[in-house]
Amino acid sequence: MKLLIAIILFLGGCSFIFDLIWTLYLTFSNNVKQDHYGDRCRDFDTMFLLIPAMNEFQSLRKNIPYLMELQKQCDSFIKLKLVFIDDDSSDGTTTLLQKYAYHPNVIVVHRVKPNAQQGKGPALQEAAERIAKMNYSEDKTIIGVIDADSHFDANYLQQVVYAFNHSNCDLLQTRVNIYNLEHNIAAMQNFEFTIYNSLLQMARTDWGSSLASGNGQFMTLKMTNKVGWSSSLLEDCEFSLKGLLKGYRGTFLNTVSIGQEGVTKYKKLIKQRTRWCQGGFQCLGKYSKKIVKSKSIPSIVKTFVLLFLLIPVFSMVTTPASAISFIVLLLYMKTNAWISISIIAILLIIEYLTNTLLILKQWREAKLDEPLKFSYLLKILFLIDFYRWSLAIVPYKALGRILVGNQSWSKTSHT
């Protein structure tokens, strides 16, 4: 029993130390920064924005007039075309989109069952195949993927076009912000996306390639035609991995962001993250050997990608080890209260300090105009650990779905 406890404490300690080292690297490394774009080397003139729209009537009713006006604002630097993908909607989305189907710069893709509602990947792929038949130049056309509830402006797209024109990248992921911060769960997601994931993506870029990650992803038409989307439950990750294997590399744009609505209900958050995690397991099983054997992917990129895919696997061991370690410390208080309290206090202080450093680093790197509110910082510091622990069940649920052969896809409901 003592040996087992010692092993568990060792694993819990290793997990904490690794997380601390990684956080300090993201915070203090001078290489974790916005990628530098050089002289103009390309000239993109057209952008297709793919907007999956399964039961998005409320969001589209508000956003379509703005998107139509946005097309005019973008004329000076890119010809913007909107591609709405109606995935057999039942809430009025189909009727709404039919009103815009004949606009010269709008394409509406209507999908019907049994092919519809099989995931975001198949929906995007059908739209991509439609565009491929239009004979646009692969070297002058950008494909973007945004959510129906996205908030962005012309400057956002101009920065995206600039990054493509002044680099050789074929994939670009932008920073994502959550805008409904009045909900605590949404505020925690904002820390994940705006702070941690942004620093992580800049580290990936420095190591060799960023990955597509949900809303606000862009790629060249050439990459879209050569790679394509598949039916993975984590379609953006799979697209990135397939691209890496074909020699395509990505960059991350931290200077502008796209806003989206965060999930506000715990059960729906767990459902969303379980789908993402199961998709990660699918990618791990399908592409890990191919990545290891690939001669075109640099070793450092292989390491980064494989560690990313293995995080859920590691967490299934380290999470219970950390929980048991904490329980042991609490039990140890019976005989050595001050030592136990001191250890717990030190661990909490380190956690709060490193999270503060992460936030300050990203606030500086992203050149955020709004001041960092002390109330927001306190909310993050005191709730983020509860939030992370609340997600501890996710990899087990994802594994359970795999074991019973459940690979069904369901759209995330944010409210």
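In what sense do strand 1 and strand 4 pair, and over how many bridges?

## Strand 4 and its partners

In this predicted model, strand 1 (residues 46–52) runs parallel to strand 4, and the pairing comprises five bridges. Within this pairing, Ile 142 of strand 4 is the bridge partner of Met 47. Strand 4 also pairs with strand 6 (residues 217–220), here in the antiparallel sense and over four bridges. One of the contacts between these two strands joins Val 145 to its bridge partner in strand 6, Gln 217.

Strand 4 itself spans residues 141–145 and is mostly covered, with five of its five residues buried. In a regular strand, side chains alternate between the two faces of the sheet. In strand 4, Thr 141, Ile 143 and Val 145 point one way, whereas Ile 142 and Gly 144 point the other way; all are buried.

## Aromatic pairs

The structure holds twelve aromatic pairs. Among them is the pair of Phe 152 and Tyr 156, which is tilted, with 5.5 Å from centre to centre and 50° between the planes. Phe 152 and Tyr 156 are both buried.

A further tilted pair is formed by Trp 363 and Tyr 376, with a centre-to-centre distance of 6.2 Å and an angle of 50° between the planes. This pair links distant parts of the chain: Trp 363 lies in helix 11 (residues 337–365) and Tyr 376 in helix 12 (residues 374–390), 13 residues apart. Are Trp 363 and Tyr 376 buried or exposed? Trp 363 counts as buried because its relative accessible area is 16%, below the 20% cut-off. Tyr 376 is likewise buried because its relative accessibility is 13%.

## A ring cluster and a charge over a ring

Ring pairs also join Trp 22, Tyr 25, Trp 207 and Phe 304 into a cluster. A contact of another kind involves Arg 204, whose charged end sits over the ring of Phe 308, 4.5 Å from the ring centre.

## The annotated span

The UniProt record, an unreviewed entry, lists residues 142–333 under "domain: Glycosyltransferase 2-like". In the model, the end C-alpha atoms of residues 142–333 lie 60 Å apart.

Definitions and conventions:
Residues numbered from 1 in each chain as written. Predicted model: local features only at pLDDT ≥ 70, side-chain atom pairs only at ≥ 80, totals over all residues. Heavy atoms only, no water. Buried < 20%, exposed > 50% of the residue type's maximum accessible area, 1.4 Å probe, protein only. Pairing = 2+ DSSP bridges. Phe/Tyr/Trp six-rings, centres within 6.5 Å; stacked < 30°, edge-to-face > 60°. Lys NZ or Arg CZ within 6 Å of the ring centre and 35° of its normal. UniProt positions renumbered as here; feature names shortened; annotations may be inferred.
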